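Please look over the sequence and the structure shown below before reading on.

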Amino acid sequence: MPEETPSPRRVLVTGGAGFIGSHTVDQLLAQGDEVLVVDSLATGKIENLDSASAFSSFRFEQLDVARSDAFCRTTEAFRPHAIIHLAALVSVQESIQNPALNFERNVLATQSVIDAAQRCQVENVVFASSAAIYGDNPDLPLKESAEKRPLSPYGGAKLASEALLLAAANTYHFTVTANRYFNVYGPRQDPKSPYSGVMSIFLDRFTQGIAPTVFGDGAQTRDFINVQDVARMNVLAASSTLPGFHAFNVCTGKATSLLDIIDVLREHFPNVPETTFKEARAGDIIHSLGSPESARGKLGFRAQVSLNEGLAHYLQTTTSVTSQLP
Ligand code: UD2
């Protein structure tokens, strides 16, 4: 007899006040789970949890996951069935400028999660990994087995975390899913830094009537995946019964160029001035594309939101927020 999934489940989400985290929390609450968010609010925003806080099954604790003892105590008190570990230093550029901080937030924090999971016998751990571990590997579409060539301390830390989790899964026998996100976009992504996701920057500019800047010729492609799909994969992985460690690309398998995105945005904002082209960024990858086959075959995960739908919804949300501004 397959083991029954207890309902409701208790799920601890680190980084739950962030872009991907808050959407994951919303989906967990909607399916009836009890959720504890642990977030230092270093980059996460409490406003991202506005809709979550309406649920009596939701709790929040402001805490840095890398503070291992405190995090263990919190985990012990909540006794989660699953931990979804999304808290991280998310900027590649910042990881290059401050590798020690990157180590603390992206490696030590993972060790802290492993310690807590082991001590509290958590059955299931989900980890936010990244396509950054593949670096500029040109063997597209990238399969999970592709050679890992991280090009930044950020990519290195994600790979190191996967190794720690693989060893922990083998040693302590819990289920671990490492989700390797490709280019995630959608509402609540912060467009403020020049290194924010390109989609958030373009949307911000178009809605303000400012021309987008393209670094290079705009023919570079990415595998853009909507945050709703990414959150769904996190939720699915949190109840995975696959034993041991598994890493999955979280992607669509479709390549889209920057020029394609600009074309779509121009349909919505025909009066925005012509695109500005600047020299390509140093170290920029021309093409990035993942193979979604493994996640489809082993977890039944398939991205459902098309780029057109995702962009239209993102625009609706962004413009309704902008129109509320004084
Ligand atoms: C993504 C991830 C990064 C890391 C990396 C691994 C994001 C935000 N970043 O970087 O964390 O995982 O993949 O490969 O998801 N661009 C413009 N104009 C702008 C901004 C960007 O032309 O105003 C270009 C940029 O030079 C690049 C493309 O858009 O060619 C995508 O840039 P990005 O920063 O959104 O994402 P990426 O793939 O470089």
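A residue counts as buried when its relative accessible area is under 20%, as exposed when that area is over 50%, and as partly exposed in between. Arg232, with a relative accessibility of 24%, therefore counts as partly exposed. The model is a predicted one, and the points below are grouped by topic.

- An α-helix has 3.6 residues a turn, so residues three or four places apart point the same way.
- Asp229 counts as buried because its relative accessibility is 1%, which is under 20%.

- Helix H2 (residues 68-78) and helix H4 (residues 99-119) cross at roughly 40°, and their axes come within 9 Å; the crossing is right-handed.
- On the H2 side the contact is made by Ser68, Phe71, Cys72, Thr75 and Glu76, while on the H4 side it is made by Ser112, Val113, Asp115, Ala116 and Arg119.
- Glu76 and Arg119 form a salt bridge, in which the closest N and O atoms are 3.7 Å apart.
- This pair links distant parts of the chain, since Arg119 belongs to helix H4 and Glu76 to helix H2, 43 residues apart.
- Arg119 is partly exposed, with a relative accessible area of 49%, and Glu76 also counts as partly exposed, at 36% relative accessibility.

**Other salt bridges**

- The count of salt bridges in the model comes to 10.
- Side chains of opposite charge can pair when their charged atoms come close.
- One of the salt bridges joins Glu147 to Arg149, with the closest N and O atoms 3.5 Å apart, and Arg149 is partly exposed, with a relative accessible area of 32%.
- Glu147 and Arg149 are linked with Asp136 in a network of salt bridges.

**Helices H6 and H8**

- Two packed helices are described by the angle between their axes and the distance between the axes.
- Helix H6 (residues 198-208) packs against helix H8 (residues 258-268) at an angle of about 30°, and the two axes are 11 Å apart.
- Angles under 35 degrees count as roughly parallel, and H6 and H8 are therefore roughly parallel to each other.
- H6 passes H8 in a right-handed crossing, and the contact is made by Val198, Met199, Phe202, Leu203 and Phe206 of H6 together with Leu258, Ile261, Ile262, Leu265 and Arg266 of H8.
- The residues of the contact between H6 and H8 divide into 9 nonpolar, no polar and 1 charged.
- The buried residues of H6 are Met199, Ser200, Ile201, Phe202, Leu203 and Phe206, and just after this helix Gly209 takes a positive phi of about 75°.

**A buried residue in a strand**

- Thr177 is found in strand E6, which covers residues 175-181, and it is buried, with a relative accessible area of 1%.
- If its neighbours within four places in sequence are left aside, Thr177 is in contact with Val125, Val126, Phe127, Ala237, Ser240, His246 and Phe248.

Notes: Residues are numbered from 1 along each chain as its sequence is written. This is a predicted model: local features need pLDDT of at least 70, side-chain atom pairs count only at pLDDT 80 or more; totals for chains, interfaces and linings use all residues. Side-chain values use heavy atoms; hydrogens and water are left out. Helices (H or I, at least four residues) and strands (E, at least two) are DSSP runs, numbered from the N terminus. Buried means under 20% relative accessible area, exposed over 50%, partly exposed in between (1.4 Å probe, protein chains only). Contact means heavy atoms within 4.5 Å. Axes are lines fitted to C-alpha atoms, for helices over the stretch in contact, and angles run from 0 to 180 degrees between N-to-C directions. Angles under 35 degrees count as roughly parallel, over 145 as roughly antiparallel, 65 to 115 as roughly perpendicular and the rest as oblique. A crossing is left-handed if the near helix is turned anticlockwise from the far one by less than a right angle, and right-handed if clockwise. Ala, Val, Leu, Ile, Met, Phe, Trp, Tyr, Cys and Pro count as nonpolar, Asp, Glu, Lys and Arg as charged, and the others, Gly among them, as polar. A salt bridge is a side-chain nitrogen of Lys or Arg within 4 Å of a carboxyl oxygen of Asp or Glu.
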